Amino acid sequence: MPSLMINGARYAVATQLAAAVAMTAITNAAPPVASTTTPAAQGSILLLASGWPDLNEAVAKVGTVVANTSMQLLGYDATDAVRYPAGEGIGAFQVAGNFINLPKIHDIQSNGGEQNFATRQYVDDPSGKQVQAPTFKSAQSRMFMLDYDPTQPHFAALQELDRKRMVTVLRETLPNGDVIYYAGRVSFNKEPTRAMNEFMSNEFTFSMNTDSVRYAAI
């Protein structure tokens, strides 16, 4: 795979989530298969609620569908029964839709994700050295700067998502056609920046709840 640059990437955010539909079981498979009487259409993008933390408030793409029975949740490997205890993954899904494009992004910054550590020193070690073990990673977000244009559809959509504080889906389409999805919450500042000889801009922040999921170009 060649090295990639972000130049040419496109971004969009889901502004609608369909009513939640129950998943009565999820298999320990790769990909896992969710049992439901009303599966979503193949290729649909879902926001999941699950007893498995890795799949809770996470995004999944629907693979093979068996009518009135089940659907694959692409992008995940749930074969580790310790990480994904059998019978505990049940929950619900919502189909994400009405993706609104985010035009004229001119700056992207990634924040968070830093590894934290627990540090310890033992009395019986005469060297006095410390040891450490990784603990948690700090919360992650993406900050986008967009040209100010309140006439565009994304402006009102981001204001509404900011007001609702609902978990939604961000779509990132890379120049090679790969697509990365993120689940999280929107924060949007409708007041534009102002500086001499610079375009007015708005700041949009997407605070991520779970790890992203990537799907290769078809």
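A residue counts as buried when its relative accessible area is under 20%. By that cut-off, strand E12 (residues 141–147) is mostly covered, with 6 of its 7 residues buried. The model is predicted.

**Strand E12 and its partners**
- Strand E9 (residues 105–111) runs antiparallel to E12, and 6 bridges join the two.
- Within that pairing, Gln109 has Met143 of E12 as its bridge partner.
- E12 also pairs with strand E15 (residues 201–208), again in the antiparallel sense, over 7 bridges.
- Ser141 is bridged to Ser207 in E15.

**Helix H1**
- Helix H1 spans residues 153–164, which makes 12 residues.
- From the first C-alpha of H1 to the last is 17 Å, close to the 16 Å expected at 1.5 Å a residue.
- Six names make up the buried set of H1: His154, Phe155, Ala157, Leu158, Leu161 and Asp162.
- An α-helix has 3.6 residues a turn, so residues three or four places apart point the same way.
- The cover over the buried residues of H1 includes E12 and E15, along with strand E1 (10–17), E8, E13 and strand E14 (179–189).
- Just after H1, Arg165 has a positive phi of about 55°.

**Thr173 in strand E13**
- Thr173 belongs to strand E13, which covers residues 167–173.
- Thr173 counts as buried because its relative accessibility is 11%, against a cut-off of under 20%.
- Setting aside neighbours within four places in sequence, the contacts of Thr173 are Ala9, Arg10, Asp178 and Val179.

**Gly97 in strand E8**
- Gly97 sits in strand E8, residues 91–101.
- With residues up to four places away in sequence left out, Gly97 touches Ala14, Thr15 and Gln16.
- Gly113 is 16 residues from Gly97 along the chain, and their C-alpha atoms are separated by 28 Å.

**Largest pocket**
- Rolling a probe the size of a water molecule over the atoms shows where empty space is left.
- The volume of the largest pocket is about 440 Å³.
- Its lining consists of 18 residues, and those nearest the centre of the pocket are Gln140, Asn209, Thr210, Asp211 and Ser212.
- By class, the lining of the largest pocket has 7 nonpolar, 6 polar and 5 charged residues.

Note on methods. Residues numbered from 1 in each chain as written. Predicted model: local features only at pLDDT ≥ 70, side-chain atom pairs only at ≥ 80, totals over all residues. Heavy atoms only, no water. Helix = DSSP H or I, 4+ residues; strand = E, 2+ residues; numbered from the N terminus. Buried < 20%, exposed > 50% of the residue type's maximum accessible area, 1.4 Å probe, protein only. Contact = heavy atoms within 4.5 Å. 1 Å grid on protein atoms, 1.4 Å probe; cavity = no way out; pocket = protein on both sides within 12 Å on 5 of 7 lines; lining within 4 Å. Points joined across faces, edges and corners; volume = space filled by probe spheres on them. Nonpolar A, V, L, I, M, F, W, Y, C, P; charged D, E, K, R; others polar. Pairing = 2+ DSSP bridges. Expected span 1.5 Å × (residues − 1).
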